Amino acid sequence: MLIKKYVQGFTVVGLTNDSVEIRMIPELGAKICSFVNCRTGREWMWMAPGGPKYFRNKSGDSFPDGTLVGA
């Protein structure tokens, strides 16, 4: 099944079936923001305490200045 929703001003798209669900944000370079094992409910992508905060990085930004979420 196809997923499409909006989070923090960004379009999030994904695919899901009985086993896995994967979501990504095309506007952020196809950043994978969620990968869930649907059978156990386990989220495999690390997120900062308080949840993710999505934004566009500027050219030359260092990694610690990024969103620190996804792949």
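Helices (H or I, at least four residues) and strands (E, at least two) are DSSP runs, numbered from the N terminus. This is a predicted model, in which local features need pLDDT of at least 70, side-chain atom pairs count only at pLDDT 80 or more, and totals for chains, interfaces and linings use all residues. Residues are numbered from 1 along each chain as its sequence is written, and side-chain values use heavy atoms, with hydrogens and water left out.

**View 1. Five strands and zero helices make up the elements of the protein.** From the N terminus, their order is β-β-β-β-β. Of the contacts (heavy atoms within 4.5 Å) with a separation of 6 or more, 20% are accounted for by residues 24 or more positions apart.

**View 2. Strands β1 (residues 2-7) and β2 run antiparallel and are joined by six bridges.** Two strands pair if DSSP finds at least two bridges between them. Lys4 has Val13, in β2, as its bridge partner. Two residues lie between the strands of this hairpin, where Gln8 takes a positive phi near 50 degrees.

**View 3. The surface of the protein exposes about 4,900 Å².** Carbon and sulfur atoms supply 60% of this area, computed by the Shrake-Rupley method with a 1.4 Å probe. Of the 71 residues, 27% count as buried, that is, under 20% relative accessible area (1.4 Å probe, protein chains only).

**View 4. Mean pLDDT (the predictor's confidence in each residue, from 0 to 100) is 84 for the protein.** A value of 70 or more is reached by 87% of the residues. Where pLDDT is low, the predicted coordinates should not be read in detail.

Definitions and conventions:
Buried < 20%, exposed > 50% of the residue type's maximum accessible area, 1.4 Å probe, protein only.
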